[in-house]
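Hello,

Here is the structure I said I would pass on. My notes follow below it.

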Amino acid sequence: MKYNGLEFKLYSSDDKYYLFDYFNLLLIEIDQELYQILIDSKRVPEKYETFIKLLIDNGMCQDNMEIFQILNERKYDVANISFPTSHSCNLACKYCFAHGGANYNSENRTMELPIMRKILERTYLDYFSEFETIKLDFVSGGEPLINFKIIKAAYEVCNELNIITGKKTEIFVCTNATLLNENILEFFSKANIKLGISIDGPKDVHDYTRPYLIGGGTYTDVRKWIDWIVNTKELSNKIKDLLALTVVTSETRSIVDILKHYDEIGIKNVQFKVCRGMAEDSWTLSSKSVNKFFKLYDELNMFLKEEIKKNNLKYLFMILNDNDYFGKIIRRIILRDRSVRRCQSGQNKLAFTANGDVYPCDSFVGKEAYKMGSIFSNDSLKNPLEKMNFSCSDQCSQCWARYICSGDCYYDSMLITGNICVPDESFCILNRRLIDNAINLLGYINSNNPEALEEVERFLRIREQMFA
Ligand code: SF4
Ligand code: SF4
């Protein structure tokens with residue numbers, strides 16, 4: 001919606017009316033009369049002129065190239081790296097983007113100790129020498145516990161490099177949990193490693209999407225270790241604060257039911273991730289399935305509103321992190337955390353393979369055109385995504401949601417539209433709906449339980465400090 005050079009969106013919730021400045025991520029309460037005038041695209045009467053002038057004079061509801069540049073050149077303190085311990089998996093998840101590690105087609109599939117050491121040395125002493133913190137993620141491209149000795153050895157090498165460089169290391173392991181044991185969990189606890197467990201909800205749902213490679217459901221084995229973590233007092237807070245990583249597919253029946261299930265079994269942090277990929281794959285987000293995803297997320301929004309009205313914020317807190325598909329949007333709006341680049345892949349984020357090749361992120365592994373270099377070469381890394389930001393895309397640079405969304409995943413764009421600068425339309429449709437839902441939810445909280453909004457903001461600020 002435009003008025004006098006200003007751009008904004010209008011929302012209403014329970015007799016309250018809001019104007020959302022999508023450049024500055026500000027939700028401004030207005031009265032019903034002004035709301036109606038703006039909706040009807042009529043001329044604003046004199047009594048509102050001061051308000052409109054205030055918006056104009058303060059640069060609100062207007063794009064600002066200086067802010068764009070600042071955000072584009074934003075520097076980060078933390079650098080992220082990842083490498084698989086093995087390009088293989090003992091599960092055959094129906095939607096796996098790495099196809100159990102088969103996306104990487106080199107013969108050398110197992111990470112060897114000297115390669116791992118070299119990756120870390122090049123990271124700490126060369127690629128990311130200027131960063132204060134290195135975040136080492138064992139997240140994808142294979143099940144990390146298949147080659148647990150690499151995680152243990154990497155922890156030791158990181159400690160050595162921390163002493164030499166004065167850096168801090170944070171390690172995150174995301175596992176399918178089927179190969180966990182007490183010794184591994186005790187090691188993670190002592191090493192202050194953060195743990196994520198892939199789980200897709202209750203038994204019937206999880207067993208359907210995440211079977212063993214040799215057949216048979218994995219829920220019972222996964223649940224055994226979640227229960228052990230929840231019930232073992234001696235473990236570190238980081239382990240007990242475990243993150244459930246859940247893929248939402250077009251066949252997911254209810255995000256709300258999954259959230260309730262996690263609450264029942266003691267999980268407090270969740271990352272729901274929408275399944276992406278080629279449209280012909282029936283699990284993924286596509287023009288055919290987008291309405292199913294709308295339904296799932298609309299139901300979630302309704303549920304959160306009901307709970308917030310009862311002053312129960314726990315379900316909202318469960319998804320309020322920078323990884324959850326919907327929670328991330330709410331977080332960005334509340335903290336006014338604008339972004340012009342979808343992710344930092346290739347910049348302060350690198351992925352390595354078992355033969356020392358370097359890629360911008362795990363998803364690009366095996367795509368030769370996106371290879372950045374090798375740990376064995378003295379040539380500087382070439383980042384194929386270096387210039388990426390939303391202004392590279394015709395669609396994104398015109399989109400009202402750009403400072404919140406910041407563009408589609410470059411890998412998914414490449415896969416789905418064949419061009420890293422052209423976002424997948426189904427993603428845009430869903431994402432704008434979720435952003436609308438998030439603004440609507442915040443308006444609802446402001447109308448029905450304004451103290452809760454302060455509590456949510458406090459929660460987020462504490463969390464940001466904890467993970468800064
Ligand atoms: S919703 Fe689509 S067009 Fe809009 S910023 Fe995001 S990716 Fe770009
Ligand atoms: S390109 Fe996509 S998969 Fe890779 S880090 Fe960015 S958002 Fe994630």
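Confidence in the protein is highest in helix 15 (residues 402-405), at a mean of 98, and lowest in helix 18 (residues 450-466), at 85. The model is a predicted one. Over the protein, pLDDT averages 93, and 97% of the residues score at least 70.

Next, the ligand site. The shell around ligand 2 consists of Arg342, Cys343, Ser345, Cys361, Ser363, Cys409, Tyr410 and Tyr411. By class, the shell of ligand 2 holds 5 nonpolar residues, 2 polar and 1 charged.

Then there is the backbone. Most residues other than glycine have a negative phi. Two residues are listed here for a positive one.

- Ala177, not a glycine, has a positive phi of about 75 degrees. Ala177 sits in the loop that runs between strand 8 (168-175) and helix 6 (182-190). Ala177 counts as buried because it has 23 C-beta neighbours inside 10 Å, and the cut-off for buried is 20 or more.
- Asn311, also a residue other than glycine, has a positive phi near 65 degrees. The loop between helix 11 (290-309) and helix 12 (314-319) is where Asn311 is found. Asn311 has 11 C-beta neighbours inside 10 Å and therefore counts as exposed, the cut-off for exposed being 12 or fewer.

Regards

Note on methods: Residues are numbered from 1 along each chain as its sequence is written. Chains are lettered from A and ligands numbered from 1 in the order in which they are written. This is a predicted model: local features need pLDDT of at least 70, side-chain atom pairs count only at pLDDT 80 or more; totals for chains, interfaces and linings use all residues. A residue is near a molecule or strand if its C-beta atom, placed from the backbone, lies within 6 Å of it. Ala, Val, Leu, Ile, Met, Phe, Trp, Tyr, Cys and Pro count as nonpolar, Asp, Glu, Lys and Arg as charged, and the others, Gly among them, as polar. pLDDT is the predictor's confidence in each residue, from 0 to 100. Helices (H or I, at least four residues) and strands (E, at least two) are DSSP runs, numbered from the N terminus.
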